[in-house]
Amino acid sequence: MNNSNISLRPASRVAGILAVTAIALGLSACGKKEEPTVGQRLDSAVQKTEQAAADARAKAESAMKSAETKVEQGAASAESSLKSAADQGIVLLDDAGMTAKIKADLAKDPELSALKIDIETNNGRVTMKGPTPSEAARDRALAIAKAVTGVTSINNQLVVSGS
């Protein structure tokens, strides 16, 4: 037999096996995706958490600004309503004060009865109703009402009835 043929066969066989193994490893590596490492997964989770926190912070700030604006608008509206109510209250107090002043001044006159003469005041407009003993007493009642500060007009419905 030929010794040179025998010694080449195992070497070519080993080379063939090595070549087939290298090709198989190469092919198996091509289709394989690399799995992320634990560190890479942790980094990804941290990044997603930070993004979610930033989004939540932005939404919270927007909601706070919206709420702050609504509170400011509500406060301004309430202030305006209170001022309007206060202004109307002052008018009512002024009207009541005018009525009280006219009644007190009528009570000082010996011929006029503050109890029998009805006085209504609305925004400075005075209406007087009731009896007076004479035309002169009726005129004095009218003069008393005109003398009160804040009276803008008088509707004199006083009737001379005699005593």
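## Secondary structure and overall surface

Helices (H or I, at least four residues) and strands (E, at least two) are DSSP runs, numbered from the N terminus. The structure is a predicted model, in which local features need pLDDT of at least 70 and side-chain atom pairs count only at pLDDT 80 or more, while totals for chains, interfaces and linings use all residues. Residues are numbered from 1 along each chain as its sequence is written, and side-chain values use heavy atoms, with hydrogens and water left out.

The chain contains three helices and three strands, arranged along the sequence in the pattern α-α-β-β-α-β. Of its 163 residues, 15% are buried; buried means under 20% relative accessible area, exposed over 50%, and partly exposed in between (1.4 Å probe, protein chains only). The accessible surface of the chain is about 12,300 Å², and carbon and sulfur atoms contribute 60% of that area. Such areas come from the Shrake-Rupley method with a 1.4 Å probe, and for residues only the protein chains shown count as cover. Among contacts in the chain with a separation of 6 or more, 58% involve residues 24 or more positions apart, where contact means heavy atoms within 4.5 Å.

Strand β2 (125–132) runs parallel to strand β3 (residues 153–160), and eight bridges join the two. Strands pair if DSSP finds at least two bridges between them. Within this arrangement, G130 stands opposite L158 of β3.

## The loop between β1 and β2

N123 belongs to the loop between β1 and β2. Its phi is near 55°, a positive value in a residue other than glycine. Most residues other than glycine have a negative phi. N123 counts as partly exposed because its relative accessibility is 45%.

G124 is located in the loop between β1 and β2 as well. With a relative accessible area of 2%, G124 is buried. Leaving aside neighbours within four places in sequence, G124 makes contact with D95, M98, G150, V151, T152 and S153. For T152, which is 28 residues from G124 along the chain, the C-alpha atoms of the two residues are separated by 5.1 Å.

A salt bridge is a side-chain nitrogen of Lys or Arg within 4 Å of a carboxyl oxygen of Asp or Glu. The model has five salt bridges by this rule. One of them joins D105 to K101, with the closest N and O atoms 3.3 Å apart. Both residues lie in helix α2 (residues 38–108), at a spacing of four residues, about one turn of the helix. K101, D105 and K108 are linked in a network of salt bridges. D105 is classed as buried because its relative accessibility is 15%, whereas K101, with a relative accessible area of 41%, is partly exposed.

T99 is also placed in helix α2. This residue counts as buried, at 17% relative accessibility. Residues up to four places away in sequence not being counted, T99 touches I119, E120 and T121.

## Salt bridges of R140

R140 and D109 meet through their side chains in a salt bridge of 2.7 Å, N to O. Because R140 lies in helix α3 (residues 135–146) and D109 in the loop between α2 and β1 (118–122), this pair ties together parts that are 31 residues apart in sequence. D109 counts as buried at 12% relative accessibility, while R140 counts as partly exposed at 29%.

R140 also forms a salt bridge with E111, for which the closest N and O atoms are 2.4 Å apart. This pair links distant parts of the chain, with E111 in the loop between α2 and β1 and R140 in helix α3, 29 residues apart. E111 has a relative accessibility of 42% and therefore counts as partly exposed.
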